[in-house]
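Hi everyone, thanks for making time today. Please have the sequence and the 3D view open, and we'll walk through a few places together.

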Amino acid sequence: MAAVEIVSFGYLHDAAPAADLTVDLRRHFRDPHVSPELRYMTANDEPVRTAVLNTPGINDLVEATATAVAAIACGPSAGTVTVADGCAGGRHRAPTFARALADRLTAAGHTVTVHHRDLDKPVVQR
């Protein structure tokens with residue numbers, strides 16, 4: 001199985017990192033930032049993870065992304081497959097999605113590393 005690197009990030013902090021596959025979570029999935037009780041939490045907090053993973057469609061996207069990674073890994077290059085997934089601030093949706101994808105890929109036998117570029121950055125005031 002291929003090695004996979006997953007990088008979660010926030011578009012409001014900097015450009016998307018270079019990747020073989022980039023998943024933009026901003027438009028289609030509700031941002032926990034809009035809930036005052038979740039705004040200052042991160043994906044390290046269970047209420048955030050629960051809110052994100054209970055969003056309709058998110059688990060289907062995890063599965064579809066895992067399928068895309070497997071297809072890319074079957075290609076002629078033997079290198080690491082890099083997946084970047086981003087949301088607005090990089091504190092809620094993106095790191096939760098990255099962890100769910102890592103769990104799914106690890107279960108399928110891939111070696112996975114995860115890096116959260118913006119998880120510990122301050123909340124973007126908007």
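Predicted model: local features only at pLDDT ≥ 70, side-chain atom pairs only at ≥ 80, totals over all residues.

Let's begin with helix α3, which covers residues 58–73. This helix has 16 residues, and from its first C-alpha to its last it reaches 22 Å. That is close to the 22 Å expected at 1.5 Å a residue.

Now, which residues of α3 are buried? They are I58, V62, T65, A66 and V69. If you look down the axis of α3, these buried residues fall within an arc of 105 degrees, so they line one face of the helix. Turn to the other side of α3 and you'll find D60, T67 and A71, which are exposed.

What covers the buried residues of α3? The cover includes three helices and strands you can look up by number: β1 at 3–10, β2 at 21–24 and α2 at 46–53. It also includes β3, as well as α4 at 93–107.

Let's stay with α4 for a moment. The axes of α3 and α4 come within 10 Å and cross at roughly 55 degrees. As for handedness, α3 passes α4 in a right-handed crossing. On the α3 side, the contact is made by I58, L61, V62, E63, T65, A66 and V69. On the α4 side, the residues are F97, A100, L101, R104 and L105.

Next, please find D85, which sits in strand β3, residues 81–87. Is D85 buried or exposed? Its relative accessible area is 0%, so D85 is buried. Leaving aside neighbours within four places in sequence, D85 is in contact with I6, V7, S8, F9, V23, L25, R93, A94, P95, F97 and A98.

Last stop: T42, in the loop between α1, at 36–39, and α2. The cut-off for buried is under 20% relative accessible area, so T42, at 11%, counts as buried. Not counting residues up to four places away in sequence, T42 touches V48, R91, H92 and L119.

That's my tour, and I'm happy to take questions.

Technical notes
Residues numbered from 1 in each chain as written. Heavy atoms only, no water. Helix = DSSP H or I, 4+ residues; strand = E, 2+ residues; numbered from the N terminus. Buried < 20%, exposed > 50% of the residue type's maximum accessible area, 1.4 Å probe, protein only. Contact = heavy atoms within 4.5 Å. Expected span 1.5 Å × (residues − 1). Arc of directions from axis to C-beta. Axes fitted to C-alpha atoms, helices over the stretch in contact; angles between N-to-C directions. Left-handed = near helix turned anticlockwise from the far one by under 90°.
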